[in-house]
Amino acid sequence: MNSTTVRRQWADRSGEYSPEYYAYYGPDETSETIRSILDRLVGRDASILEVGCSSGRHLAHLHDDGFETLSGIDVNDDAFDVMAEAYPELAADGTFYHDSIEAVVGEFDDNQFDVVYSVETLQHLHPDVEWVFEDLARISGDLLITIENEGEDDRSQESDPDVSYVNDDFPLYHRDWNRVFTELGCVEVDATSGKRDTIRTFRSPQA
């Protein structure tokens, strides 16, 4: 399976793990975790980008809490139509990019966003587009936050991602995000392990 196949899986996805699925469940504990991190570390005027925003439930939670400069990227064909219905104020106020992460981030300026974050999104990027991680560090002016499934505890000793398959369907690439982003000059300032994901907060190289 190559990166083109993986992108197509997410661009066409319906049902479970689709924009409709996430809009149905709405903001959750992870949404609150993101808001709590940002409350501590940046102001309400921070410019924020979510990579893999789907229909926007995490961004909607931030919008409701007073964060105003919000952007998102998603490859799914239905993501922003669902957002317009489920979170119309976010859809109207935010800036959104309908494309793959790797097709968009190279066009952004250095330090374009104060905060860049991902929730269970980078774990789906195929190894042949790992160059995108350098761009994420480059465009983050202050904070980079990863909330991803890192797999087994010994992942930190390996450079290549382990891969598993969700419901024998789409691949999940387990990486040690501390290693990935500290090698790119970021400094980890906090890390918390949850039931499924590890939440890591980094200061960007430009901070």
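**Contacts, cores, pocket and salt bridges in a predicted model**

Asp78 touches Pro19 and Glu20, not counting residues up to four places away in sequence; contact here means heavy atoms within 4.5 Å. The structure is a predicted model, in which local features need pLDDT of at least 70 and side-chain atom pairs count only at pLDDT 80 or more, whereas totals for chains, interfaces and linings use all residues. Residues are numbered from 1 along each chain as its sequence is written, and side-chain values use heavy atoms, with hydrogens and water left out.

With a relative accessibility of 31%, Asp78 counts as partly exposed, on a scale where buried means under 20% relative accessible area, exposed over 50%, and partly exposed in between (1.4 Å probe, protein chains only). Thr30 is 48 residues from Asp78 along the chain, and 22 Å separates their C-alpha atoms.

Helix H8 (residues 132–139) has six of its eight residues buried, so it is largely enclosed by the rest of the structure. The buried residues of H8 are Val132, Phe133, Asp135, Leu136, Ala137 and Ile139. Their cover includes strand S1 (47–51), helix H7 (101–104), strand S4 (113–119), strand S5 (140–148) and helix H9 (177–182). Phe133, in helix H8, is buried at 4% relative accessibility. Leaving aside neighbours within four places in sequence, Phe133 is in contact with Leu125, Arg175, Trp177, Val180, Phe181 and Leu184. By contrast, 20 Å lies between the C-alpha atoms of Phe133 and Leu70, which are 63 residues apart along the chain.

H4 is mostly covered as well, with six of its eight residues buried. These are Arg57, His58, Leu59, Ala60, Leu62 and His63. Gly66, which follows H4, has a positive phi near 105 degrees.

Nonpolar cores come next. In soluble globular proteins, nonpolar side chains tend to be buried together. A nonpolar core is taken as a set of buried Ala, Val, Leu, Ile, Met, Phe, Trp, Tyr and Cys residues joined through side-chain atoms within 4.5 Å. The largest such core holds 24 residues, of which Leu38, Ile48, Leu62 and Tyr117 touch the most other members. H3, H4, helix H5 (79–86), S4 and S5 each give two or more residues to this core. Leu62 touches Ile34, Arg35, Leu38, Ile48, Phe67, Leu70 and Tyr117, not counting residues up to four places away in sequence. A second, separate core has 23 residues, including Leu49, Val104, Phe133 and Trp177.

The model also contains open space. On a 1 Å grid over the protein atoms alone, a pocket is an open set of points where a 1.4 Å probe fits, with protein on both sides within 12 Å along at least five of seven lines, and lining residues have an atom within 4 Å of a point. The largest pocket holds about 1200 Å³ of space. Its lining has 47 residues, and Tyr22, Val119, Glu120, Thr121 and Gln123 are the closest to its centre. Among the elements giving two or more residues to this lining are helix H1 (3–11), helix H2 (19–25), helix H3 (29–41) and helix H4 (57–64). The lining divides into 19 nonpolar, 16 polar and 12 charged residues.

Charged pairs complete the picture. A salt bridge is a side-chain nitrogen of Lys or Arg within 4 Å of a carboxyl oxygen of Asp or Glu, and by this rule the count comes to 15. Arg196 and Glu120 form one of them, at 2.9 Å from N to O. This pair links distant parts of the chain, 76 residues apart: Arg196 is in the loop between strand S8 (187–193) and strand S9 (198–203), and Glu120 is in the loop between S4 and H8. Arg196 counts as exposed, at 55% relative accessibility.

Glu183 and Arg179 also meet in a salt bridge (3.6 Å, N to O). Here Glu183 is exposed, with a relative accessible area of 58%, whereas Arg179 is buried, at 18%. Salt bridges that share partners join Glu32, Arg35, Asp39, Arg44 and Asp65 into one network. Within this group, the side chains of Asp39 and Arg44 meet at 2.7 Å, N to O. Asp39 is partly exposed at 29% relative accessibility, as is Arg44 at 34%.

Conventions:
Helix = DSSP H or I, 4+ residues; strand = E, 2+ residues; numbered from the N terminus. Points joined across faces, edges and corners; volume = space filled by probe spheres on them. Nonpolar A, V, L, I, M, F, W, Y, C, P; charged D, E, K, R; others polar.
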